[in-house]
Structures are given as structure tokens and as C-alpha cells.
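Student: I would like a close look at one part only. Please take me through the contacts, one at a time, and keep it brisk.

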Amino acid sequence: MLIVQKYGGSSVANAERVFNVARRILKAKEEGNDLVVVLSAQGKTTDGLIAKAKEINPKASRREMDMLLVTGEQQSVALMAMAINALGGRAISLNGVQVGIETTNNYSNARIRKIQTERIENELERGNVVLVTGFQGVNTLGDMTTLGRGGSDTSAVALAAALNADVCEIYTDVDGVYTADPRVVKDAQKLDEISYDEMLELASLGAKVLHCRSVEVAKKYNVKLSVLSSMTDAEGTQVKEECKMERMLISGVAADKNVSRISIIGVKDEPGKAFEVFALMAKEKVSVDIILQSTGRDGRQDISFTIGKDDLDIALKALEDSKERLTAEAIQHDDNVAKLSIVGAGMASNPGVAAMFFEAMYDAGVNIQMISTSEIKITVLISEEDIDTAMIAVHDKFKNVSVNMRKN
Ligand code: ADP
Ligand code: ASP
Ligand code: MG
């Protein structure tokens, strides 16, 4: 079998853990498999590099940030190759340029366009374990790019697709995908399996156990994907097209703190105002999430929406510059907010779900600022300090419902 494995930052955080992973890799190799292994930067290395850059220049260009950040993953693969060699195995480390992981040009948030497989295949042929840097690639200018925070998962899944691997195993510091972040909700339950669509929603709504793009790529190329622990041998979670538990009510609760809210107050209630606001955001490449427009009163209305925290400054500047044209009385913002979402394919056909969700919030004394729904999710915007309480309360409300449904 050809296996692509990925180990996250905490799984390779220090020498002991590097050797732990090296032994796991060698075990899989000794069982007769070909191994391509993607690694993240050790521990909090990426955060550390970002902090270093901020000390020197808080407005550093994205290109130079990428030049800096790619070094974290390079350290990991080189050290892992050394560990495997020290244990008597054969391994070679390669970075994104050496492999030929071709990406779009946009620094810090590039997308993989194509992966050259020749070098990897040659190294496998020679009997090497091939260690590949996660989170990075090379653009058409020949510059190194990164794929966005958490992007090593996407490197692994894309490699599995390009190499036509039999499986892609994501090893992390929890032993699978849970019904909520197990670090916040102590009685969260591990899911044996979850559909690509539900995982995609959970990941995009903040469950950082998998990078959102990695699930998209897995779905598109039908990659056999599992999430497992690098510390135990527990069975993990399979992410796949169809799940046998069709009647599962909710598959999980997710929280996202990377949110801020903008409200444009007292805009003239006439056609074209929403268009003007969101055309401005599009021009600044700011992605907008939940949108709420109030009904008009005295010929005026309010438009509120959420964006990522990093985009707040850019968005506010663009809006302030156009305040008069927008006929806005005031532009307010709040970055002390977070999103809480429930996800489940069974939701659309079960009418009481939204009421249960809101009841849980009421019981916990948490105020809801905005609501957004789709066929398989409900999201609320709340104050950031309420997020853990709210997550525990909502999970508690649904935990027995989902268990009972699943047993049927
Ligand atoms: P890695 O460094 O291995 O990529 P991450 O920190 O990116 O690991 O992702 C793993 C973390 O995701 C876990 O430690 C956990 O706190 C968090 N997490 C959030 N939601 C979930 C969930 N539904 N199931 C499992 N883990 C989750
Ligand atoms: N090292 C990168 C990060 O911390 C990529 C990853 O871990 O997936 O975001
Ligand atoms: Mg991660």
C-alpha cells in the first residue's frame, strides 16, 4: 500500500516526540508499505516566527512572511529524516520546491494547483520514506508560498490525491473527530465516521482538527481520509462520502473566535445600498460571512455583517472612506464576538432543532446577536467570552438526541 501520513505540530514538538513518530513511520514501513509523510512545524514554531516578524515589522509583506514561515516545516522534515536514519531506517526530506508543489501566486493563502510526483516516486522506488514539508508550495514566480494556517492537512490530502495513495492518515493530538472540541467539552464523543459534507461544514465553522481545504480536496478526489492520534493506537475517525448513520441529528458543535462584526447604522432605505457595501468589501478582498439587514424605519435601515478579525482594519477604512456615499449615520464594530454552530445532515428534516439550540442558549444566559442557517447548519454570533459556556450548553442539549438517533 502507498500511505500518506501527516503529523501536526504537537506530534513532533520535541526530540522525544520526533522519535515517537519516527518509530511509527518505520513500523508502517516494515509492514511493507510505501510511506510519504507530511510534517508541520514543531510545536508553536509558526506562532513564534510570526511573533518574531511582528517585532521587526508588523506590516511585513506577505511574501517575506512566507519566506520566514516555510522554514518551520523545513526544520521538522530534516530532523525527522535524521531521526529515522538514526534508527536505522532510510528517509529523505524534501521541501515544496524540491517536490514541485505548484500553487497559485497569492502569498500566505495560496492554493495548490498541481503536484509533480516524479521526484517522490523515484525516492520511494529507492526504498526511502519520503518526508515532505506541509503548508508550503512554489508559485509561478518560483517563490515559496504558504497555504494558510493549518494548511499541512491540505498538503497531505493533495499529495494523497496526486500520488493516488491508498489512504491518507492525519495524526494529531486527539484521537479523532469529536462531536465538539474535546478540550472544551469534556464529554464530547468520538465519531467513528463523518461525511465529507458534514466535516467540511465543521472545519469551515472553526473545528480546526482538519483544514477546511483538505476536506474539499478529499471530497473532490475521493481520498480515503482518517483522523487518528499520534500518541495512542486508538481507532480514529473515517471521513467519507456516505455514512451509515443516516438519522444522525447533529454531527457536531463548532466554535470560531476569528470573527468580528461591523454594523453600518442608518443607511438610506433605498435600492443599491447592500450592493455598494459588499462591492466595497469584494474590492478589498474581504470575505463576508453572516449578513443581517434590519427592516426599514423612518426611511433608514442598518446593515450588519461578520468578517475575519484580520480583515477588520481594511474593512473599516474602506467603509469610513465611503461613509457619505453610503449615507451611513455611523459605522460600528466589535471584535469581541465568536460564532457557535451546530452541523448535521439530519437537521433539515427535523423541525425542532433550531428551537432546541436557542433554548440551550437561553438556559445558559447567552445573548444571540445574529443567526444564520443552511440545510445542514445553524450558526449564531455571540459575545466571545460566552463561547465555551455556550458550546458546553449546546452540546449538552443535543448529546443524548444524537446518541439515541445513532443507535437506531
Ligand atoms: P495539529 O497540530 O495536529 O494539526 P490542530 O491543533 O490543528 O492539530 O488540531 C487539533 C485540535 O483541534 C485538537 O487539539 C482540538 O482541540 C481541536 N478541535 C476542535 N474541534 C474539534 C473536534 N470536533 N474534534 C476534534 N478536535 C477538535
Ligand atoms: N505550521 C502551520 C501552522 O501552524 C501549518 C500547520 O500546522 O498545518 O499553521
Ligand atoms: Mg492543524
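**Contacts of the ligand and of charged side chains**

Tutor: Start with Lys208: an N or O atom in its side chain lies 3.4 Å from an oxygen atom of ligand 1. The protein covers 88% of the ligand's accessible area, which is 570 Å² when ligand 1 is taken on its own. Keep in mind that this is a predicted model.

Two further polar pairs involve ligand 1. In one, a polar side-chain atom of Lys6 sits 3.0 Å from a ligand oxygen. In the other, the side chain of Asp173 places an N or O atom 2.9 Å from an oxygen of ligand 1. Asp173 also belongs to the group that comes nearest to the ligand, together with Thr172, Tyr178, Asp181 and Arg183.

Now turn to charged pairs within the protein. The structure holds 27 salt bridges. Take Arg63 and Glu64. Their side chains meet in one such bridge, with N and O 2.9 Å apart. How exposed is Arg63, in relative accessibility? Its value is 29%. Buried means under 20% and exposed means over 50%, so Arg63 counts as partly exposed. Glu64 is partly exposed too, with 43%.

Next comes Arg325, which forms a salt bridge with Glu276; the closest N and O atoms are 3.5 Å apart. Where do the two partners sit? Arg325 is in the loop between helix H10 (312–321) and strand S16 (330–343), while Glu276 is in helix H9 (residues 273–283). The partners are 49 residues apart in sequence, so this bridge ties together separate parts of the chain.

Lys397 and Glu359 make another salt bridge, with closest N and O atoms 3.0 Å apart. Here both partners are in helices: Lys397 in H12 (residues 387–407) and Glu359 in H11 (residues 353–363). They stand 38 residues apart in sequence, so the pair also ties parts together. Lys397 has a relative accessible area of 26% and is partly exposed. Glu359 is at 39%, and that counts as partly exposed.

Finally, look for bridges with shared partners. Such bridges join Glu270, Lys273, Glu276 and Arg325 into one network.

Methods: Residues numbered from 1 in each chain as written. Chains lettered and ligands numbered in written order. Predicted model: local features only at pLDDT ≥ 70, side-chain atom pairs only at ≥ 80, totals over all residues. Heavy atoms only, no water. Near = heavy atom within 4 Å. Polar contact = N/O pair within 3.5 Å; in protein donor to acceptor, adjacent residues only side chain to side chain. Areas by Shrake-Rupley, 256 points an atom, 1.4 Å probe, with all protein chains shown as cover. Salt bridge = Lys/Arg side-chain N within 4 Å of Asp/Glu carboxyl O. Buried < 20%, exposed > 50% of the residue type's maximum accessible area, 1.4 Å probe, protein only. Helix = DSSP H or I, 4+ residues; strand = E, 2+ residues; numbered from the N terminus.
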